[in-house]
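Please read the sequence and look at the model shown here.

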Amino acid sequence: MIHCTAQWVAADLRKRESLQVQLHSVHEHVVNFSVEGQPRMLMIASPDMYRGPSAIGLSNSDLAYLFRVLQYESKGKLEPGELVIGHGDSGIAISLVTAVIDFSVPPCAYLDSSRLHASLNLARSIFHNGKTMASSVNLLAREAGDSILHQSLEGGLSDLVESVVSEDDLAFVDACRELVGLGYGSTPTGDDLIHGVLLTHYYYRSASNLPWRFLSIPEDILSSTTAMGQHMLSIGSQGLTLEPVRNFLLSLLGGYIDSKTVHQLFRIGATSGVDIGVAASVALGELIKQVKS
Amino acid sequence: MVQLAFIKRNTYQDSVRLMRLTERVKRVQGVVRAMAIMGTENNKFTMSRAGFDVSLMKEAKPNDILFLVEAQSQSDAQSAWELYQNALGEHKEGDSSTSSRTVSVHRAAKLLKGANLALISVPGNYAPYEAYKALREGLHVHIFSDNVSLEDEIRLKELGRREGLLVMGPDCGTSIINGVPICFANEVARGTIGIVGASGTGIQEVSVLIDKLSAGVSHAIGVGGRDLTDEVGGITSLMALDLMETDPETHTIVLLSKLPGTKTLDRLTEKIRDISKPVVLCFLGVNPQNLHGVKHFTDTLEGAALEAVKLSRGNKHSGGLAFSSAESESENALLSKLPATRKYIRGLYSGGSLASETFYILKKYIEGVHFNPQSTPSMHAIVDMGSDEFTQGRPHPMIDPSYRTERLLKEWNDPEVAIILLDVVLGYGSHENPAAPLADSVIRAREKYNDNVIVIASVCGTERDPQQLSAQETQLREAGVLVYPTNARAAEAAVHYLSICRERSQIQ
């Protein structure tokens with residue numbers, strides 16, 4: 001068995017009890033494991049991948065070894081201080097006694113009310129000029145077209161934002177029912193929109209020193225989407241998000257948004273980053289109107 | 001009408017791929033509607049609302065891809081499904097109806113019956129061998145690869161000539177064959193003007209300007225930058241001219257190049273005299289007095305497009321034969337910010353021919369203009385950032401604009417720079433939104449340093465290009481860049497502004 005140490009570990013993983021994991025999917029820069037009894041994934045990422053919750057960072061050489069030992073449906077065990085994948089000579093033990101990164105809502109984010117509108121407008125214009133393949137970009141301009149999928153996404157996003165901004169739990173669950181699993185891709189657009197709206201709500205209220213609480217998504221709704229969709233919804237409802245989303249929200253609220261930050265956001269998935277960013281823009285527009293900081 | 005559903009178990013595809021796939025399948029003959037989505041309950045519900053039979057979808061689970069098609073017949077639906085399988089790399093051998101993956105030219109030629117052109121884009125060391133195999137399969141060859149030796153180029157072109165096959169390249173960035181853009185090319189209208197060109201962005205600029213003048217291109221054949229040297233002898237150019245002569249769709253021909261070798265130029269002018277169709281020669285930076293017996297000659301890409309369109313319309317100058325007017329920015333407003341100490345032009349180009357065109361235009365009016373100098377202190381300099389010295393180990397600036405944006409900041413910070421010239425090249429293969437990083441860089445430079453530099457640009461592209469011409473121009477204008485309709489106009493504008501600066505500093 002090869003022993004190595006992770007370069008970093010997400011703080012939410014360190015809190016976990018012992019958990020069984022099973023290989024879910026392998027990509028160029030990340031390996032995903034499904035976690036027994038959990039809607040979240042465990043992700044092992046290379047240094048070329050953005051960082052995020054429920055994830056571990058490995059050096060490229062250690063990741064190369066992991067790739068060699070992986071087999072179809074490889075199993076492993078996540079302990080508080082160690083992740084073990086495989087057995088004996090064809091196994092790898094990754095120590096998690098390393099740098100810990102917290103991806104939860106920052107308690108005292110900076111909010112620049114005077115630049116909020118300008119920041120929001122700039123972000124929107126970058127979206128329009130950016131990845132137009134993302135179906136949600138049209139929602140931002142209220143140009144949903146006539147396809148029934150776009151109509152459903154537009155209606156769902158509007159209900160979602162309204163329910164989240166007003167913290168109406170029942171309406172939020174209804175909106176989730178409308179949107180979860182809706183759209184293209186392994187993380188359907190609807191799931192990304194929910195993730196983006198929730199995080200924006202949490203970050204805005206936190207930065208405004210307003211009281212806030214997590215809004216939870218019932219399990220039966222979570223299970224009606226893809227595994228990756230479940231992961232994004234599960235972490236999002238707990239206020240956890242990927243580093244590019246976190247940076248985007250902090251710069252948006254702080255009034256210092258720039259195209260580099262937005263393009264880092266675009267790197268998430270094929271269209272997930274754009275979908276999350278669009279959802280954040282729509283939600284922030286409503287929060288500014290309805291919830292005074 | 002037939003509705004079918006296909007389920008691919010536990011398969012993930014990203015959303016862009018599924019959307020693109022859906023768009024492709026919709027274009028299959030007989031297909032009325034198609035969707036490729038994950039089999040979640042909400043997607044199934046939405047598709048049932050859209051009129052798809054819900055019973056077809058019941059087996060799909062959230063982690064499955066659900067493929068739905070409504071077609072005029074069972075066989076049309078089946079064709080759509082086969083396209084889908086092919087796109088996911090699940091093509092079955094022996095089916096030649098759609099694209100597939102293979103590792104040999106021989107197998108590719110067998111799989112894709114009726115193909116007559118091979119695009120070679122492998123490291124230069126291997127390109128001649130692959131091109132040789134393609135020629136042996138009876139295919140014309142477009143070699144995108146660079147770093148192919150001159151000896152190999154000559155050997156391949158001689159073989160091609162014997163077999164009656166074109167060898168386009170090596171280092172051939174652009175062609176448009178029967179309306180199909182190859183490598184870096186734009187979506188331009190089809191028409192009656194054929195282009196033969198030894199330069200990629202030269203072909204792009206001329207084809208785009210022809211489109212802007214409401215005319216169109218029959219074919220554009222790239223020949224590679226060395227074809228018109230005396231060593232190669234213009235083998236591909238001469239063959240391409242023969243093809244254009246016999247092509248019924250082509251009525252007018254444009255030939256673009258730097259000045260050919262002496263012997264090749266003689267052969268070329270002799271060939272042009274024999275051709276029954278009007279031929280416009282465009283040799284960047286060449287004095288027409290040096291060319292004897294050539295009827296239609298220009299030394300700018302813009303001039304080539306204008307002349308070709310005029311000839312294609314029976315040599316008549318129609319009232320509409322002009323590009324839209326240039327920027328109407330207030331000269332005084334711009335120049336008032338420019339201190340007298342700022343007196344040099346710097347051109348940062350992604351297109352080699354566009355850089356050359358600018359260089360020769362500036363040289364007509366200004367002394368001391370340098371092309372690709374090692375360093376640029378106290379001089380007018382035009383830099384082709386797509387040349388080998390800039391692209392070793394990193395992508396071409398038409399794909400990755402990052403080092404051009406860095407250079408822009410550096411030039412802006414030079415206290416002697418008055419004007420920065422830029423090109424933005426759109427089309428297939430180029431960056432998905434090339435104006436954005438440049439506009440961003442201009443804004444950053446203005447914030448970081450000063451507001452004392454005039455930035456002038458032109459965008460080589462059409463509204464139908466993936467990046468959309470107007471969207472790109474708008475981004476640049478919003479960043480305060482002066483946008484001109486052609487590269488030549490942008491260069492002339494730079495000369496104009498510089499002359500005003502000089503007059504003003506003399507008065508002061």
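Predicted model: local features only at pLDDT ≥ 70, side-chain atom pairs only at ≥ 80, totals over all residues.

Author: Residues are numbered from 1 along each chain as its sequence is written, chains are lettered from A and ligands numbered from 1 in the order in which they are written, and side-chain values use heavy atoms, with hydrogens and water left out.

Reader: What percentage of the residues in chain A is buried?

Author: Helices (H or I, at least four residues) and strands (E, at least two) are DSSP runs, numbered from the N terminus. Chain A has 12 helices and 10 strands. Buried means under 20% relative accessible area, exposed over 50%, partly exposed in between (1.4 Å probe, protein chains only). Of the 293 residues in chain A, the buried share is 61%.

Reader: Which residues of strand 5 of chain A point the other way from M41(A), M43(A) and A45(A)?

Author: Strand 5 (residues 41-45) of chain A is mostly covered, with 5 of its 5 residues buried. In a regular strand the side chains alternate between the two faces of the sheet. M41(A), M43(A) and A45(A) point one way, and the residues that point the other way are L42(A) and I44(A).

Reader: Which residue takes a positive phi in the hairpin of strand 4 and strand 5 of chain A?

Author: Two strands pair if DSSP finds at least two bridges between them. Strand 4 (residues 30-35) and strand 5 of chain A pair in the antiparallel sense over 5 bridges, with F33(A) opposite L42(A). The hairpin has 5 residues between the strands, and the residue with a positive phi near 75° is G37(A).

Reader: How do helix 6 and helix 7 of chain A run, roughly parallel or roughly antiparallel?

Author: Axes are lines fitted to C-alpha atoms, for helices over the stretch in contact (heavy atoms within 4.5 Å), and angles run from 0 to 180 degrees between N-to-C directions. The axes of helix 6 (residues 169-179) and helix 7 (residues 189-207) of chain A come within 8 Å and cross at roughly 150°. Angles under 35 degrees count as roughly parallel, over 145 as roughly antiparallel, 65 to 115 as roughly perpendicular and the rest as oblique. This makes helix 6 of chain A, relative to helix 7 of chain A, roughly antiparallel.

Reader: What is the strand order of the open sheet of 3 strands in chain B?

Author: The pairing in this sheet is antiparallel. Its edge strands, strand 1 (2-8) and strand 2 (31-38) of chain B, each pair on one side only. The twist averages 10° from one strand to the next. The order is 1-3-2.

Reader: Which strands of chain B does helix 3 of chain B touch?

Author: Strand 1 of chain B pairs with strand 3 (residues 65-71) of chain B over 7 bridges in the antiparallel sense. Helix 2 (residues 41-49) of chain B packs on the sheet, touching strand 2 and strand 3 of chain B. Helix 3 (residues 74-87) of chain B also packs on the sheet, and the strands that it touches are strand 1, strand 2 and strand 3 of chain B.
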